[in-house]
Amino acid sequence: MKITDVTLTLFAWDGIPATSYGAHTGKFAGASQLGLLEITTDQGITGHAFLGSAFHAADMDGPGLVRNLKPVLLGQDALARERLYQAMFKRVRTSSVRAIGAVDIALWDIAGQAAGLPIHQLLGSYRDRIPAYISSAVLASADAYAEEALHYRAQRLAAYKIHPPQQWREDIAVCEAVRKAVGDDYLLMLDSTWSYDYPAALRVGQAIERLGFYWYEDPLADADIYNYLELKKHLHIPIMATEYPAGGLDAYAPWVKQRATDFLRGDVAVKGGITGCMKAAHLAEAFHLNFEVHHGGNSLNNFANLHVIMALKNTELFEVLLPAGSQKYGLVQDIGIDAEGFVHAPMAPGLGAQIDFELVERRKVAVLS
């Protein structure tokens, strides 16, 4: 099945609410662009993926995808995903991991359609549903976090994760308020998005350990293995790192070798697609670690994430990042949460998502080819 063309349609995403997840995003709002990637084949099957997010527009990575990855793909067997994955990573310096991830997702979409199976069944399904947890944006007050956590606990979501204001005293106060509101038995996590130096990370870690938080995510700079090791000496709460740096499988090696994290972490956007995530998850399994899948940044990436999760034993939860207006766009129907707080496996062939092609056409900005 030969690849005959690769195109990326940029389409506008307007009305994004004012949102921040920390210093790495700042406060963003208003407009962005997504890219609809289409990989066509000589057998009439077209694979799709989305590129971009509300704060990382597709026009940042799109030109490199077309200029540097398209020549690697044209004329090649669309089912030779591993060979193409390896070839694309040789050009990662002139494209991006996000672009490679989008191509890999589209190739898996082709394979699923060709087989008449959802992607998770090609990977080897382990489950057909998984509990979802809510992941906050940065909110205006401790009371706002507490109210949000109570709302989603009432909706039977499995857990609530805090993206805090990133000032350590204020962050502790937020965590205390949320724990007081939801009680001792509800799962809570803290994701500080690389915001602390070591003394602040230790103070916050000791506080949330006393509060019974489930994990402590990204307290230190993303490559600060030295201080992660020091932090682990003084804390018992599980620590989660490795969401970044973006890259391939080798980025995980020093973390595993030095036992600098209690989980491995990643998603299809920043780990090179479905292929990259499955490699990382199986690496984690070899060391009896969970591979917890991070949100994908756009709606179709989250479908791809869901296929990965359905094929893994060593993943516990599905992340639902708020607000929806900064995360969900471009599909006729997005991933839903049932009355018991679960998300379910897609069952249609390939990605199994219904792209809103009318919206893409109506909001089209440019076609890169």
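This is a predicted model: local features need pLDDT of at least 70, side-chain atom pairs count only at pLDDT 80 or more; totals for chains, interfaces and linings use all residues.
**View 1. Strand β9 and its parallel partner, strand β10.** Strand β9 covers residues 263-266, with Phe263 and Arg265 pointing one way from the strand and Leu264 and Gly266 pointing the other way, and all of these residues are buried. The pairing of β9 with strand β10, which spans residues 290-293, is in the parallel sense and runs over four bridges. Within this pairing, the residue standing opposite Arg265 is Glu292 of β10.

**View 2. The largest pocket and its lining.** The largest pocket holds about 380 Å³ of space, and its lining is made up of 31 residues, with Phe55, Arg98, Tyr244, Val270 and His295 lying nearest the centre of the pocket. At least two lining residues come from each of β3 (46-51), α3 (97-115) and β11 (318-321), and the element that gives the most is α3, with three residues. By residue class, the lining of this pocket comprises 14 polar, ten nonpolar and seven charged residues.

**View 3. Asp143 in helix α5.** Asp143 belongs to helix α5, which takes in residues 142-154. Asp143 counts as exposed because its relative accessible area is 53%, where the cut-off for exposed is over 50%. Although Asp143 and Val178 are 35 residues apart in sequence, their C-alpha atoms are 7.9 Å apart in space.

Note on methods:
Residues are numbered from 1 along each chain as its sequence is written. Side-chain values use heavy atoms; hydrogens and water are left out. Buried means under 20% relative accessible area, exposed over 50%, partly exposed in between (1.4 Å probe, protein chains only). Two strands pair if DSSP finds at least two bridges between them. On a 1 Å grid over the protein atoms alone, a cavity is a set of points where a 1.4 Å probe fits but cannot get out, and a pocket is an open set with protein on both sides within 12 Å along at least five of seven lines; lining residues have an atom within 4 Å of a point. Grid points are joined across faces, edges and corners, and a volume is the space filled by probe spheres set on the points. Ala, Val, Leu, Ile, Met, Phe, Trp, Tyr, Cys and Pro count as nonpolar, Asp, Glu, Lys and Arg as charged, and the others, Gly among them, as polar.
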